[in-house]
Amino acid sequence: MSASGSEAATRSVPSSSVSPPAAKKRRLHSAADAGTGHAANSTGMTAQNGSGNGRVAASGGAGADMAGDAAQLDEGLYSRQLYVLGREAMQRMAASNILISGLRGLGVEIAKNVILSGVKSVTLHDPGAVEMADLSSQFFLTEADIGRSRADACLEKLAKLNPYVSTSVHSGELDAATIGQFGVVVLAGASLDEQLRIGEACRAHGAALIVADTRGLFGQVFCDFGAEFTVRDATGESAQTAMVAGITRDGTVTCLDETRHGLEDGDLVTFSEVKGMTELNDAKPIKIKVTGPYTFSIGSTEAYSEYVSGGLVTQVKQPVTVQFKPLSESIKDPEVIPTDFGKLHLSGQYHLAFQTLHEFQKRHGRAPAPWVPADQQAFLELAGELNGTLSARLEELDEPLLKTFAAVSSGDVCPVQGVIGSIVAQEVMKACSGKFMPIRQWLYFDAVECLPEDRSVLTEAECAPSGSRYDRQIAVFGRRLQQRLADLKYFVVGAGAIGCELLKNMAMLGVGTGSGHVILTDMDLIEKSNLNRQFLFHKEHVGKAKSACAAEAVKVMNPKINVIHKLDRVGPETEAVFDDDFFESLDGVANALDNVQARIYMDRRCVYYRKPLLESGTLGTKGNVQVVLPHLTESYSSSQDPQEKSIPICTLKNFPNAIEHTIQWARDMFEGSFRGSAESAALYLTDPKFVEKALKLPGSQPLETLDAVKRCLVDDRPQSFDDCVAWARRHFQEQFSNQIRQLLFNFPADQVTSSGTPFWSPPKRCPHAIEFDAENALHVDYIVAAANLKAAVYGLPQCRDRSAIVSLVRQVKVPEFTPQSGVRIATTEAEAEAMTGQLDGDLLQKLRAELPPADALRPLTVTPAEFEKDDDTNFHIDFVVACSNLRAENYGISPADRQETKRVAGRIIPAIATTTALVSGLVCLELIKLAQGHSKLELYKNAFANLALPFIAFSEPIPCPKNKYYENEWTLWDRFDVDGEMTLKEFIDYFQEKHKLEISMLSQNVSMLYSFFMPAAKRTERMAMKLSDVVRSVSKKEIEPHVRALVLEMVCNDTDGEDLDVPYVKYNLPRK
């Protein structure tokens, strides 16, 4: 029975609509669930995760259901989120029941993100009838739903987001008994009286309360997770580790100066692998005091033995207990987390504004009417009246802010709800899991910069409702902006997680619903792991084009949106598709890309065509937004993150000291054994000129390439699966035993350097050889994966029977190995590079002679293995995990589990739906400013956020740097526009005469067209040629038909012969 005692009070989607997909992916098992049934649901028709009330708040996510039957977390679906939250947090969430009351735009945003996250159940509550105006931001409602209850109307679409989350509707009263069945209660847009009533019930039953509201351009969040709440991991950052170089008697610990230790005062650390002062290895966590970037103090070590060498120090994360006040107390003396440090002084004003609104609605039965001066004045007077009764009384009211709040308080703006809804959903996850620091206790947000610079245009008539789906947005911005949005022409690049959210916001805003359009391009197909964040896609879309499915989905949200989908990658190869006409017709570009190269390319295109660019990205709970404005700001390419630090070759090959090194080594081993050599062999079989091309490669590459081909086609070619097992066994011996024995032969464990220090000193770790053991599961893992991968390359039948493979491997005879003198092993990068560049000509000729002709090998086919991290049936990750952990065992490095190995080897970017929704909301607020035509730089906002902390900061976009030649200032947005056609001499004379610039060098792309040091005959010849003909002659390429202009770079001198920095040249070709 439901809490209200009536079966009719709860509705659920038929189980067929929410049944889990068949999971071919590996699953993670959780002990986080028990029972049968579901909070506030008596029909038994909802799915999937068992029962229990999931009361988790008071104990920081411990939950009453953690000791039940095992539930399953589908790693194929949740893989990217697991890297953000971790298994334990996900298991706790899978035991949690959530109630969300209020299903307008804000409520549905919260519900969407919570359901995607993978909680146990979500119960929806909103008996209110759907109105046309709800469609301004409630993206799961349509005109056909008008008159139905909001909760019922959006249930099926919400349930479809995640078949593992039991989603249902509660249509009865929210009484204390009902509240008691949930671990987290979310109130979206509730009255203050309702908030206080529910807040008391939540306190009484140990449930977390989250209150959220958005009013036009203002947002509010309140959290109460109980009197004491345990945060298990406040930041989600990996524990810091460092290698110890020395420990003194006064307790100063010095770390190797390869990287900073990253510790802070008061951190707790443990030690391991310390030689000499071994007492530290068994000690309890020690509190430290930081004394420098590479040093810290642990207090006197006089009672310990003398330090000799080595050691690892590891940060120990400690749980934090956080206290919360109930709403009834906190509202009187609010503690507010800032979201904009430029508006810190406004926190009290926001708090008063929301309380005033509740009182205004109680007295008048409605919110203030949009931009009605009388209502604004009445609101202001009421605010003054309430302020006089507050314990935290404001000394002065911000009258313009309060009047603006009143004017927009009846409105809805989807991007604002995206921002607040994502924050709230993350707080729900914190309440369920104890992962990350919750909001303590109030958070306010505003985006008043989205209003027109001249607010006098916002009149009562301009913003009055007219029965349109956009009425609540018009209430904020007026009809003129609504028409501008409808006529916008925008290019959205990417239909992944950010792309889906951008499209949703654009559809709700009405972008491209008039004479405008939204063009969406993405060449990727939908994968199962996308479904956890890319909410426009469902299981039936897997394998289909992202752009097509996304376009279809947003047309359902707003049938008026003109969305055109393409499957083209953006890049030089598609400039005939995305040509001058295409870019010149646009009002702007919104990037939703997942790689830096594509971002830089689009940034350069936007600079060239002088179009605004909205750039954003996420990494786990972190997100950023950058606004690129023509002639005002720097571009995306103006500043970039430092390049990822690469692992030195000699470290990878011989001296790993961290698990990341062994994982990368294993990944390289996969590429070399199953892709690179097979790729070369396949080319040898099909390309008659392969050897000729290989011999032209630089350094020792010709030898390495032909050696790989010979091994693949002759030495290591298997005829059966038995041969594959034998190869895997010999490969094991070579990599984990023979090579280590040779290394120790060259550099014995007691070797000392010329300076008298031990050769095997940190960061070097002295290895040991591994002897194969058929009873060792890790050893067999390696053989199974390697043998099956080898078989796949040659098209041989595979075998997944471990016992059969063990029987085969026991029969393999492994040659005896004796270390040899004269084998060179590089110990430095310089040595490694020198050895890489050496070519043995005699050995190369011998290899060529031993290679059989390609014809003699036919019909052999070789299929290279393309590394695929998300298919757990293909042995790719199995091989890398086993290979990496065996290598780690060689060097005494702690192994990594499958999940971490997969992340590093697959270069997986941790991702979660909440961060994506947040940055997309912020991006679309900037889009509104662009549509308003804002010209003041200070009205635009770059943003950085970390939902884990939580932390949100805004900054004014950085102005574009100014350069100067003579008295002419210029920026990256400026250029010389020159109409062709000219000869090269005419072009040079033009700049000499008109701009007093002497061109010393002229280039186009990578082609040098002219230089002062060019041979006289060549210079004379080119001077008489048309500039376009010079380009054709030098580049040896025709100019593509779609190209209307050439981009030319000049190196110039002034009249005194000094070098000058000058803009590039856009050389316009004559129209045909």
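Colleague: Why is E306 called exposed?

Modeller: This is a predicted model, and the accessibility is computed from it. E306 has a relative accessible area of 52%, and exposed means over 50%, so E306 is called exposed.

Colleague: What makes R249 partly exposed?

Modeller: The relative accessible area of R249 is 25%. Buried means under 20% and exposed means over 50%, with partly exposed in between; R249 is therefore partly exposed.

Colleague: How do you know that the side chains of R249 and E306 meet in a salt bridge?

Modeller: The N to O distance between the side chains of R249 and E306 is 3.2 Å. The rule requires a side-chain nitrogen of Lys or Arg within 4 Å of a carboxyl oxygen of Asp or Glu, so the pair counts as a salt bridge. The two residues are 57 apart in the chain: R249 belongs to the loop between β11 (241–247) and β12 (252–255), and E306 to the loop between β16 (295–297) and β17 (312–316).

Colleague: Why is the contact of K902 with D870 called a salt bridge?

Modeller: The closest N and O atoms of K902 and D870 are 3.7 Å apart, and the cut-off is 4 Å, so the pair qualifies.

Colleague: Are K902 and D870 buried or exposed?

Modeller: K902 has a relative accessible area of 2% and D870 has one of 9%. Buried means under 20%, so K902 is buried and D870 is buried.

Colleague: What is the N to O distance in the salt bridge of R1032 and E1038, and how accessible are its partners?

Modeller: The side chains of R1032 and E1038 meet at 3.3 Å, N to O. R1032 counts as partly exposed at 26% relative accessibility, whereas E1038 counts as exposed at 62%.

Colleague: How many salt bridges does a search of the whole structure find?

Modeller: The search finds 62 salt bridges. A network of them links R104, D126, E131, D134, R150, D412 and R472.

Colleague: Which salt bridge does R765 form?

Modeller: R765 pairs with E273, and their closest N and O atoms are 2.7 Å apart. Across the interface of domain 1 and domain 3 the rule finds one salt bridge. Domain 1 covers 241–316 and domain 3 covers 657–892.

Colleague: What area do domain 1 and domain 3 bury between them, and which residues supply it on the side of domain 1?

Modeller: The two domains bury about 470 Å² between them, 60% of it on carbon and sulfur atoms. M243, L256 and E273 supply 64% of the area that domain 1 buries against domain 3, more than any other three residues. The C-alpha centres of these domains lie 38 Å apart.

Colleague: Why is H934 called buried?

Modeller: H934 has 6% relative accessibility, and buried means under 20%, so H934 counts as buried. H934 is found in the loop between α30 (913–932) and β27 (942–946). The side chain of H934 has a polar atom 2.6 Å from the backbone oxygen of E449 and reaches the backbone oxygen of L451 at 3.2 Å.

Colleague: What makes S136 a buried residue?

Modeller: The relative accessible area of S136 is 0%, and the limit is under 20%; S136 is therefore buried. S136 lies in the loop between β5 (121–125) and α3 (150–160), and its side chain reaches the backbone oxygen of A133 at 3.0 Å. Beyond its neighbours within four places in sequence, S136 is in contact with residues including D412, R472 and M508.

Colleague: Where do cis peptide bonds occur?

Modeller: One joins R440 and Q441, with omega about -20°. Another joins R858 and P859, with omega about 15°.

Methods
Residues are numbered from 1 along each chain as its sequence is written. This is a predicted model: local features need pLDDT of at least 70, side-chain atom pairs count only at pLDDT 80 or more; totals for chains, interfaces and linings use all residues. Side-chain values use heavy atoms; hydrogens and water are left out. Domain bounds come from an automatic or database domain assignment. Buried area is the accessible area (1.4 Å probe) that two parts lose on being put together, summed over both. Helices (H or I, at least four residues) and strands (E, at least two) are DSSP runs, numbered from the N terminus. Buried means under 20% relative accessible area, exposed over 50%, partly exposed in between (1.4 Å probe, protein chains only). A polar contact is a pair of N or O atoms within 3.5 Å; within protein, one must be able to donate a hydrogen and the other to accept it, and residues adjacent in sequence count only if both atoms are side-chain atoms. Contact means heavy atoms within 4.5 Å.
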